[in-house]
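Good morning, everyone. Please have a look at the model on the screen, and I will walk you through a few parts of it.

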Amino acid sequence: MGLSPLMRFSLWLIVSVSLTLTTITNSQVSNRTQNSSNVNLGALFTFNSTIGRAARRAIELAIEDVNSDRTILAGTKLNLIAQDTNCSGFLGTIEAFQLLEKNVVAILGPQSSTISHIISQVTNTLHIPLLSFAATDPTLTPLEFPYFVRTTTSDQFQMRAIVDIVNYFEWREVTAIYVDDDYGRNGVAALGDELAVRRMKISYKAALPSNADPAMISAMLLQVNLMESRVYVLHVNPDSGLTVFDQARRLNMLDAGYVWIVTEWLSAVLDSSNRDPEILSLIQGSIVLRQHTPDTDLKKKFFSRFKGNGSLSDVAGLNAYGLYAYDSLWLIARALDEYLKENGNEINFSTDPSLHDEKGSMLRLSNLEIFDGGEGLLAKVLAANFTGLTGQVQFNPDRNLIRPAYDIINADSSGTRLIGYWSNQSGLSVVSPDISYRNPKNGNPKNGSVSARRLYSVVWPGETTTKPRGWVFPNNGKPLRIGVPNRASFKQFVSSESVSENATGFCIDVFNAAVKQLPYPVPCSFVLIGNGKVNPNYDDIVNMVAENELDAAVGDIAIVKNRTKIVDFTQPYAEAGLVIVAPVKERSSSAWAFLKPFTLEMWGVIGGFFLLVGVVIWILEHKTNDDFRGSPRKQLATICWFSFSTMFFAHRENTVSVLGRFVLIVWLFVVLIITSSYTASLTSILTVQQLSFGIKGLDSLIASKEPIGYQVGKFTKNYLIQELNIPESRLVPLNTMEEYADALTRGPLAGGVAAIVDESPYVQIFLSAYCNFRIVGQEFTREGWGFAFQRDSPLAVDLSTAILTLSENGDLQRIQDQYMNNNQCNSDDTTLDSNRLSLSSFWGLFLICGMVCFLALIVYFIRLCCQYKHYSHSVKKEVDRQASEMSPIVKPPKRLGSFGSFKDVMVFMDTKEDEVKKVIKKKSSEKDGQSLQISIN
């Protein structure tokens, strides 16, 4: 594309000036000191424009205020030299050079980003600071243009605010309509960068020439209206932007369903027109951004003074750019005041005799001089920190104002409503940025404030409060191209009746049911992929969607990792994990099968506890129960008989002690659980032993060297090779259920396969027709089937919601039962698990039983010790009495000590409870009688 005449001229002009100025820096220069009592200050903007009218009046008032303020620039008067750029880049460049001839120390402007790009190249060399209150192009950076200072908010922040709005309403794509100049192009480029951070995008860019007429705008809007996105970001100039809305209304693009997000140019128009009802009616439903300026007393006084010094039309013309222009002049005045104080009120310009015009040249380059104090003045400007009409005027290291913020306005036919704010501190919020900047914890979403993130309700185009969907199917008369695999087998899922490409089956029914849940029609056309004789490659189908050969793919498509990188899937509508199918081989049951329900460790613990409980019961019952007394041989037999007979609840011995009954109840509960588990496990083992496989599960499948079958076209082959590291030479492609059955029946020795790995829905259908095969092991992956769409397709999100609705209301299950609930084989044996019951399953029961036995013995022995103490004391008294009655020659009987010998203890333990109580009772009676005799005497 060739350069425009303006650009060719500008480039020539810049090169000429730059070469000449380079000569200055390399030659002898002369210095000239200017009288500081009058300092020239330039202004460069379009007088007769929405921004220019407000800026001109505000700058005039600022000059009056500065020159009348004795506390600043004492003895120095600012002379304002304003040049009109006439909305022309060419004329603006010429006016800028004329302004530079007049020894200005700084320039307010330019208003245009395009002129700023051109003039900044020259002012960089002349060291003249440019303070632009309206050039919002984010590419005007200090790295390239060190003498350019933006005193308003960069479009980088405005586009960030727009992206937050788009994200808040859950839209994924926008259409950008912009003016085709530096301001428009670079602003939209910043929008694209911010959208990419959130995984969103500009789906279509519609550029307008700066001088576009209504016919050109209408043609552009017609093209835009054919696109999918209905979210429009309008970034144009204030003086021509309303023409876009006027043409959009003629094309019915301001009706319900459309979204218009407009940059700050429109708020400048609204403020300048004093909320013209005709304009409000035209832009009804739009979301408009406006640079936020705090409502302070200083601002209110300025508005009152503005109104008092001009006509009502002047007041109506005031907008945010006028406030920034006012603050910009005060900024340069404060910086100049600091500079003059440090430099002895001197302002020096450098000239060079070698700088001259060529013969016949009209550029008058000899009039251009370098401001020697430009660098120092620039430093003072960047170091400024004061409160102006627009709030805190201070720059960060990137030379952006430190508190960028926007009001978010909703335009209505009756006026405008403030629905929230955006700031770089808190993002979207209903809390004023003034509060959030002063107190970051208040309304900052990073600090967990939910209410601070929300916006007030919006009235959208068409006078509706229902949030627009934000997209439609492209209005080009073409239905969606839906790819469908033309399968050779398992036609329950996807099949084609004829060459008419009418698809049927489980997957198609689910898709059609989900589409019916959508609140809008979905025109679509099924495109069969494959010849119907061999299953197509599903990765190829997904790639066709990614490469825009298809709009979507519907069928039994597994959601796997490599596919999610190139397309978007809906919510899974069916589980489809991989399982292993192997043939059944009958074999006779083992003679020792009855021992297999429990492990050897379990059998040992059970036997030990039988004996333990028998001993505990014997101890607790021996003194009181005749069934547990007798000769040692008889007692040992009783212990063994009693403990093992509890297994069948056939014990004949009664328990009479409380502790014995308590232990027995707990033990019988344990025995009940053990016998029930044994019976169930033995039954399962005797059944499972009729089903023996060469492949037991995934581990044995990997370890073996036998061939493995897989379904043609599916992801199974890649999974086995890449994830399980199975050599491709072991894999056998199979296409139909008949091939499955034949390969499994023949086995590895006869050219078949040892097992088949496939997704569970196919296996379920296969096993319903062939009952001599079974699933081995567990499902070892957790994939699902979904519908594939192009990346960032909003239809994928809406269909996911529809699938969830089908799942919740039961329709999805009913469709699945219709196709897959026809199992003709007994499914009781499809899951084979020969795991034996181990101690880990019952250690809790045994722990409880052991603790009960231990506690019962503790209580019993405590009671026994107390009883033995009383018994031994009674026996001692009796022995002493007998000894006193015998002659001294006769040896008295041996008496029990406090605890006696071990033999005495054993004798006591063998003594019946009744005898012990009788001795203790007798002694107690004698003691009571003696006490009574003493009391009588």
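Let's start with contacts across the whole chain. Among contacts in the protein chain with a separation of 6 or more, 74% are between residues 24 or more positions apart. Contact here means heavy atoms within 4.5 Å.

A word on the ground rules. This is a predicted model, where local features need pLDDT of at least 70 and side-chain atom pairs count only at pLDDT 80 or more, while totals for chains, interfaces and linings use all residues. Residues are numbered from 1 along each chain as its sequence is written, and side-chain values use heavy atoms, with hydrogens and water left out.

Now the overall numbers. The protein chain has 30 helices and 32 strands. Both are DSSP runs, numbered from the N terminus: helices are H or I with at least four residues, strands are E with at least two. Of the 937 residues in the protein chain, 51% are buried. Buried means under 20% relative accessible area, exposed means over 50%, and partly exposed is in between, with a 1.4 Å probe and protein chains only. The chain exposes about 44300 Å². Carbon and sulfur atoms supply 54% of that area. Accessible areas come from the Shrake-Rupley method with a 1.4 Å probe, and for residues only the protein chains shown count as cover.

Next, a sheet. In what order do its five strands come? The order is β3-β2-β4-β5-β6, the sheet is open, and the pairing is parallel. Two strands pair if DSSP finds at least two bridges between them. β3 (77-84) and β6 (148-150) are the edge strands, so named as each pairs on one side only. Strand β5, residues 130-132, is joined to β6 by three bridges.

Helix α2, residues 50-68, lies across β2 (38-45), β3 and β4 (107-108), at about 170° to β3. Helix α3, residues 89-100, also lies across β2, β3 and β4, and runs at about 175° to β2. Axes are lines fitted to C-alpha atoms, for helices over the stretch in contact, and angles run from 0 to 180 degrees between N-to-C directions.

Now the backbone. Most residues other than glycine have a negative phi, and most peptide bonds are trans. Leu 73 has a positive phi, near 55°. Leu 73 sits in the loop between α2 and β3. Its relative accessibility is 4%, so Leu 73 counts as buried. Arg 199 is not a glycine either, and its phi is positive at about 60°. Find Arg 199 in the loop between α6 (182-197) and β8 (201-208). Then there is a cis peptide bond between Gly 109 and Pro 110, with omega about -5°. Pro 110 is in the loop between β4 and α4 (113-126).

Last stop: Thr 175, in strand β7, residues 173-179. Is Thr 175 buried or exposed? Thr 175 counts as buried because its relative accessibility is 0%. Leaving aside neighbours within four places in sequence, its contacts include Ser 203, Tyr 204, Val 224 and Tyr 232.
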